[in-house]
Every structure is written in structure tokens, then in C-alpha cells.
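Please consult the sequence and the structure shown below while reading.

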Amino acid sequence: MQIITEPSQMQAIAEKLRLNRQCIGVVMTMGALHEGHLSLVKLAQQTAGTLILTIFVNPTQFGLNEDLHKYPRPFDKDVALAKAAGVDYLFAPEADAIYTKHYQTTVECSEVTKVFEGEKRPGHFKGVATIVTKLFNITKPHIAVFGEKDAQQLAVIRRVVEDLNLDIKIIGAPIVREQNGLAVSSRNIYLSTEERDAATILYNSIGHAEKRLAEHDHNLAAIAEEITLMINATTGCRSDYTGFVDETTFEPVKTAETGKEYRLLLAMYSGTIRLIDNAKIIA
Ligand code: AMP
């Protein structure tokens, strides 16, 4: 596995791979690699002959009061995990190599970003759309795998790719969960044992929504309200948002139609740690 830090060197390698008719797959991460990230690598390797993994804690997608500076950066461990997973190139640039002195161009996706995560974290998706586009231009992939764990992010990336005519196949990968249902996340290490146990309410909320829809209750707004109450009634937990969106347009939906697919989006705090989760729900 080759470790690259310079964008121009990564571009030159990617260009050469393309000339040699290699199918390039990319998986983008902020590091602190875990089973979720590695499942994306595995999925990408099913299609791509060459796998590029990017590790970049992107400053522009963090809000002022968020955890940019204390985000975990266990680089040596990440290198070992990436090597063991059969990654061909690890692209891990410094921030000033990506955002050069006179940098002033951004990518913004207007509608999908207005609700839920976008509403709670102003500027977040502008940072995401910009870095993902930049990393596409640096790694020149044919395919890219992103996790459904960040469902709204995946929706934004699909829009950017379609709207800007990027010739890249986007593949969504299922959420990898711990045994207790908690979605695996780099931030889970910050949870105390009590907070981790309490956080299982997120996964239980998905079960509750599935049960309510199986009972033919199509009032999604009421189900979201029930879930909010359940989360807020759990020790140390506070709901940040709960809602349903149309699976394709990502527009908020209050009433379900039989047979249609929706996505339940959840964000909450367990103690001071913010966690997100989601699930596809069929009415
Ligand atoms: P991050 O390092 O948190 O920015 O995540 C990098 C990629 O891994 C994103 O596409 C995430 O959606 C994905 N990812 C993170 N956690 C999981 C998980 N538990 N299951 C599947 N994919 C995940």
C-alpha cells in the first residue's frame, strides 16, 4: 500500500491507472477506521481493481462549536487496518494541501440540504459537497462507495454527481451495527458505558417505527412524535430531530402511502455525544 499526501501526486497516479484501464474505486473517510469503513472498502473491491482510501478530517464541514480539534486521529492504526484490508493507495493530505492559500470555490447543493442534518448543522453539507467533489477530481474514480449511515450525505452526493454530470457510479453501503444495534461510529469511543447503553434507544426507535407501520398506521408525523418522546424519556438522552423523508427526493413526509419507501432520520444526544441513525421503512 502506498501512502500519498500530495494531491498532484495522487492525480498523476490515478491518471496512470486510468490509462492502464484499471477500474478505480474510492472510499472517503475521516479516519479512525472501524468496521463500517472497512465494509465500504470490501464492497468497493468487488467492483474496482484498484482501491483508493482517503483519510481527511475536513475542517470545512465542522461547525464552530463542533469537535474538529478533538476528532480522533489514530493514523498508524489506520494505516495498519487499511493495509490489512487490501487498500492499494491511502490518500491522506494535510488541510493546507487541500485548501490552498487563495481557495474560494465551493460546491453547494440547495434543496436536499435544507432539512434535518443540514438545518441543524449550517454549512456542513457545503463542506461535504466541496470536499467530495475535490477528492473525486484528485482520485478520478469510476466508482465510489458511501455509507447509508449518513443517509442525507449520500443523497447530497448523489445530487452533486447527477447535477454536475460527474461520470462516477455511487454505491450506497448498508449500516454496520454493534451487537446492541448501535451504528458503528468513530464518535462511539467517547460514550461512557451508561451513555452507550442509553444510545440503543436509537435502534429501538427504528423497531418502533417498523412496528407502527406494520400496524397500518400511516401517520408518520405522529410516529416521529412518539419516537421523540421515547428518546427524551431515556436517561441522559435528548432528541435533536426525528422525521421521515421520501426515499428518493428526501423531502419531509407526514403521511405515508401504502407500499412506498421512506427513510426515518434520527439524531440525538447521549450525554454530550451527538449520534445519528436512519433506516429505510416501507409503508
Ligand atoms: P466518516 O469517516 O464518519 O466520515 O465516514 C466515512 C464513510 O463511512 C461515510 O460514507 C460513512 O457513511 C461511512 N460509515 C460510517 N459509519 C458507518 C457504518 N456504521 N456503517 C456503514 N458505513 C459507515
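Helix α1 (residues 7–19) packs against helix α6 (residues 124–139) at an angle of about 55°, and their axes lie 7 Å apart. The structure is a predicted model, in which local features need pLDDT of at least 70 and side-chain atom pairs count only at pLDDT 80 or more, whereas totals for chains, interfaces and linings use all residues. Residues are numbered from 1 along each chain as its sequence is written, and side-chain values use heavy atoms, with hydrogens and water left out.

**Helices α1 and α6**

- The angle of about 55° makes α1 oblique to α6; angles under 35 degrees count as roughly parallel, over 145 as roughly antiparallel, 65 to 115 as roughly perpendicular and the rest as oblique.
- Axes are lines fitted to C-alpha atoms, for helices over the stretch in contact, and angles run from 0 to 180 degrees between N-to-C directions.
- Helices (H or I, at least four residues) and strands (E, at least two) are DSSP runs, numbered from the N terminus.
- P7, M10, Q11 and A14 of α1 meet N137, I138 and T139 of α6, where contact means heavy atoms within 4.5 Å.
- This contact has 4 nonpolar, 3 polar and no charged residues; Ala, Val, Leu, Ile, Met, Phe, Trp, Tyr, Cys and Pro count as nonpolar, Asp, Glu, Lys and Arg as charged, and the others, Gly among them, as polar.

**Helices α6 and α7**

- The axes of α6 and helix α7 (residues 151–163) cross at roughly 55° and come within 10 Å.
- The two helices, α6 and α7, are therefore oblique to each other.
- From α6, the residues F125, V128, A129, V132, T133 and F136 make the contact, together with Q152, Q153, V156, I157, V160 and V161 of α7.
- The contact of α6 with α7 comprises 9 nonpolar, 3 polar and no charged residues.

**Helices α9 and α10**

- Helix α9 (residues 201–214) and helix α10 (residues 220–232) pack at about 150°, with their axes 10 Å apart.
- That angle makes α9 roughly antiparallel to α10.
- In α9, I201, S205, H208, A209, R212 and L213 meet L220, I223, E226, I227, M230 and I231 in α10.
- The residues of the contact of α9 with α10 divide into 8 nonpolar, 2 polar and 2 charged.

**Lining of the largest cavity**

- K149, L182, A183, S185, N188, L202, L275, I276 and D277 line the largest cavity; on a 1 Å grid over the protein atoms alone, a cavity is a set of points where a 1.4 Å probe fits but cannot get out, and lining residues have an atom within 4 Å of a point.
- Strand β9 (residues 273–282) supplies the largest share of this lining, 3 residues.

Key
On a 1 Å grid over the protein atoms alone, a cavity is a set of points where a 1.4 Å probe fits but cannot get out, and a pocket is an open set with protein on both sides within 12 Å along at least five of seven lines; lining residues have an atom within 4 Å of a point.
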